[in-house]
Amino acid sequence: MTITQNPIASLSNAGVYRDSKWLVRGIEFDIQRGEIVTLIGPNGSGKSTTAKMVLGLQKPSEGKVTRLQGVRVGYVPQKLHVDWTLPLTVRRLMTLTTRLSGSEIAKALERTGIAHLVAAEVRHLSGGEFQRAMLARAIARKPDLLVLDEPVQGVDFTGELALYELISSIRNELGCGILLISHDLHVVMAATDQVICLNGHVCCKGTPSAVAESPEYMKLFGTRASSGLAVYQHHHDHTHLPDGTVRHADGTVTEHCHPDDGHHDHGADQPKTTDDPSHA
Amino acid sequence: MLDDFFVRALIAGIGVALIAGPLGCFIVWQRLAYFGDTLAHAALLGVALAFLLEVNITATVFFVSATVAILLLLLQKRAGLSSDALLGLLSHSALALGLVVLAFMGSVRFDLMGLLFGDILSVSKADIAMIYGGGLAVLLILISIWRRLFAATVSPELAEAEGMRPEIANIVFMLLMAMVIAIAMKIVGVLLITALLIVPAATARRFATGPEQMAVLSALIGAVAVIGGLSGSLRWDTPSGPSIVVAAMVLFILSLSSAIRRLTKRSETREGLLK
């Protein structure tokens, strides 16, 4: 987390043109060491395409994408289908692209909470277990850049919070840059340094609280605001701590969550909280 | 010992099975069965060209198969056609070209049946040397790209993102396939090469718990099929190539029933644990 001059990856005015339309255009951001960058946006807004540009899987049709030489990448793709014909245990999945010792494998699986599944066949895992295995595999590589495309899909709510907590502690431990794709602003906001809201272009970006308050963001998600969950997510800027106090997005801790200023009360929904990186 | 044609056939057949097994696993994993067929059809064109130009058959078959494989890769990148349409196009174009070229050589005494179904009983000592020499090279190269190729098989994107260069592994794999087809053609013939690649691998899948284990198992199962098939062909005077494939098929069917038995046994123990 010491070097901040040279970003691990940098996109400047990058865009992808395919099948006579722009999937994304004018994407501009850097990923520094020790930084968590979160991409949010509706379906088809170009989140995965942007991640693929960062990974070098998708060449930009315009603009530039640069990555530091020799950067070690860990990737959790959005989808991965393991065919029946492939006999693949979790242990073998772990060593797919890296040689690892048994203890390294055990340690990584321990951290994502599935150490007991080391000998299980991958195709027998549940959706959540599979995501945990994929995350364990990516972090066991000790990457410089971790790209996580909706890493908590299929993981239950408590598990989701624990995994986000793990992701932020991985960042602190390895000092790696993390690009996180999420459609769930609600949880991501606490741990992330920079939120980039995409809708074919960078709609707005900045710290989580700045993005949540920006008019572009409100406009983008405004049409969905009638659904209770969306409103709930977007107005959520505080966290209920286990001791009953409330931590706000700016890091202050108070007794109550000020229900009169438009915030919803949702303490019962949140059994566990993520660590704010600014305190870490 | 090598003076006996049957012993030579056995040794040659086992050699081919040992190479075909591990490569066949990738054919099964990557769903490339039709690719194997395409290369085999290209092999026929290779043989025809070798006769026409009076050059080494195995080398020509390798060259033509490799060309078709590379052509496929190029077309996949360029053309808008789907892979199976491209494979059909290349496969049947090569086959038709081969048959046309063959027709030009009416005067050449040509054993078409031997080409289609293999002629393992006429294997020479030089053939054996080539099978084991070439086979050893194929296996060593395969081992050297194994990790990359397997990662590319599980997920090309993941492999590429994490610096495994999957495209290189895939090109090398296609060249290895062309080599194996060139080597194996004489043993089971053009029509049945794909079977020798796929059937032992499919049989091994039922017992394997890891990819490496499956590769070794399918090599061994292929060797057993060769021994069984050749013995059967000697005993009942059946064509050797097809007999080997029939033996492989019998092993597959046996594996089905034993797998079923194993499954029922497992569920019984699970029930026992619950009690």
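**A walk through chain A**

Let's start with a hairpin: strand 1 and strand 2 of chain A form one with 2 residues between them, and in the turn A:Asp19 has a positive phi of about 50°. Keep in mind as you look around that this is a predicted model. To see the pairing for yourself, find A:Leu11 and look across to strand 2 of chain A, where A:Phe29 stands opposite.

Next comes the sheet. In chain A, 6 strands make up an open sheet with mixed pairing, and their order is 5-6-7-3-8-9. At the edges you'll find strand 5 (73-76) and strand 9 (202-206) of chain A, each of which pairs on one side only. On average, and with direction ignored, neighbouring strands of this sheet are turned by 10° against each other. For one pair from this sheet, take strand 6 (residues 145-149) and strand 7 (residues 177-181) of chain A: they pair in the parallel sense over 5 bridges. Here A:Leu146 has A:Ile178 of strand 7 of chain A opposite. Helix 4 of chain A packs on the sheet, where this helix touches strand 5 and strand 6 of chain A, and its direction makes about 175° with that of strand 5 of chain A.

Helix 4 has another partner too. Helix 3 (residues 102-111) and helix 4 (residues 127-140) of chain A pack with their axes 8 Å apart, at an angle of about 130°. That angle is why helix 3 of chain A counts as oblique to helix 4 of chain A. The crossing of these two helices of chain A is right-handed. Which residues meet there? From helix 3 of chain A come A:Glu104, A:Ile105, A:Ala108, A:Leu109 and A:Arg111, and they meet A:Ala136, A:Ile139 and A:Ala140 in helix 4 of chain A.

Last stop: A:Leu86, which sits in the loop between strand 5 and helix 2 (90-94) of chain A. Is A:Leu86 buried or exposed? A:Leu86 has 23 C-beta neighbours inside 10 Å, so this residue counts as buried; the cut-off for that is 20 or more. If you set aside its neighbours within four places in sequence, A:Leu86 is in contact with B:Trp29, B:Val154 and B:Pro211. As for A:Gln32, that residue and A:Leu86 are 54 residues apart in sequence, and from C-alpha to C-alpha they are 37 Å apart in space.

Technical notes:
Residues are numbered from 1 along each chain as its sequence is written. Chains are lettered from A and ligands numbered from 1 in the order in which they are written. This is a predicted model: local features need pLDDT of at least 70, side-chain atom pairs count only at pLDDT 80 or more; totals for chains, interfaces and linings use all residues. Axes are lines fitted to C-alpha atoms, for helices over the stretch in contact, and angles run from 0 to 180 degrees between N-to-C directions. Helices (H or I, at least four residues) and strands (E, at least two) are DSSP runs, numbered from the N terminus. Angles under 35 degrees count as roughly parallel, over 145 as roughly antiparallel, 65 to 115 as roughly perpendicular and the rest as oblique. A crossing is left-handed if the near helix is turned anticlockwise from the far one by less than a right angle, and right-handed if clockwise. Two residues are in contact if their C-beta atoms, placed from the backbone, lie within 7 Å. Two strands pair if DSSP finds at least two bridges between them. A residue is buried if 20 or more other C-beta atoms lie within 10 Å of its own, exposed if 12 or fewer, and partly exposed in between; C-beta atoms are placed from the backbone.
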